[in-house]
Amino acid sequence: AIIAFPWWAVFIPLYVWEVMALKKKISLAMINIATHAELELAIGKNFAACNTFEREDIHRRFILVPAKSGPVYDAACRIKAEAKMDVVRILARVVFTVLLVLNLDLGKEWSWWIVFIPIFVMVVCIVGSSFQNWVEVQAEAAKRDPSLFDQTADVEQGYAQMDDDAKNDDDQPLTDEEKEELKAKVAQAAYRVLGTCCTQCFFLVLLCVF
């Protein structure tokens, strides 16, 4: 004998898994990135005076960084951005499976292009987020070193410095190592955009073929 289960029952374990993952990713996507000074201002007390339960709650709500710049802060921002994209992916998969179940169980006979709309939206969001990250990294690098993308900026900066020497006495020019680090970050972000576009395009091709 063959036991025929409806498709909505078959997908129940998947829905449970996705809901659990969604809850975890939403909490991570909504987490706050703060320095110790900002944290103590937010909670109204010294962090050292917090008890164990308060510290556990703080670690669930905040990512503590030494400063709002540097590799630690960049890593925290990357974790939060990836969590937001994971939320988009999970929601897209849930909506896709709902449309799929409706099409299979209720005999809606919708076009498969309609069923796969959430997947297409997810691909656009992933590529757009990667491109936005590249633009932000490039803008930050250009702000710290205008000559990184404009060769004429060195000359303009030289004239500006002659007029504002007294104003800029405390400004320290970037070292060669810092400039190389900025270039590496921009290049890494660009490679990530290229890799994301290639993988998502390949994924779409597979969907269209099969």
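## Helix α2: length and faces

Helices here are DSSP runs of H or I with at least four residues, numbered from the N terminus. The model is predicted: local features need pLDDT of at least 70 and side-chain atom pairs 80 or more, while totals for chains, interfaces and linings use all residues. Residues are numbered from 1 along each chain as its sequence is written, and side-chain values use heavy atoms, without hydrogens and water.

E18, L22 and A29 are the buried residues of α2, buried meaning under 20% relative accessible area and exposed over 50% (1.4 Å probe, protein chains only). These residues cover an arc of only 40° around the axis, so they sit on the same side of α2. The arc is taken from the directions from the helix axis to the C-beta atoms. On the other side, P13, W17, V19, M20, K23 and K24 are exposed.

## Packing of α2 and α5

The axes of α2 and helix α5 (residues 71-105) come within 9 Å and cross at roughly 155°. Axes are lines fitted to C-alpha atoms, for helices over the stretch in contact, and angles run from 0 to 180 degrees between N-to-C directions. The two helices are therefore roughly antiparallel, the term for angles over 145 degrees.

## Packing of α7 and α9

Helix α7 (residues 117-144) and helix α9 (residues 176-209) have axes that come within 9 Å and cross at roughly 170°. That makes α7 roughly antiparallel to α9.

Notes: Parallel < 35°, antiparallel > 145°, perpendicular 65-115°, else oblique.
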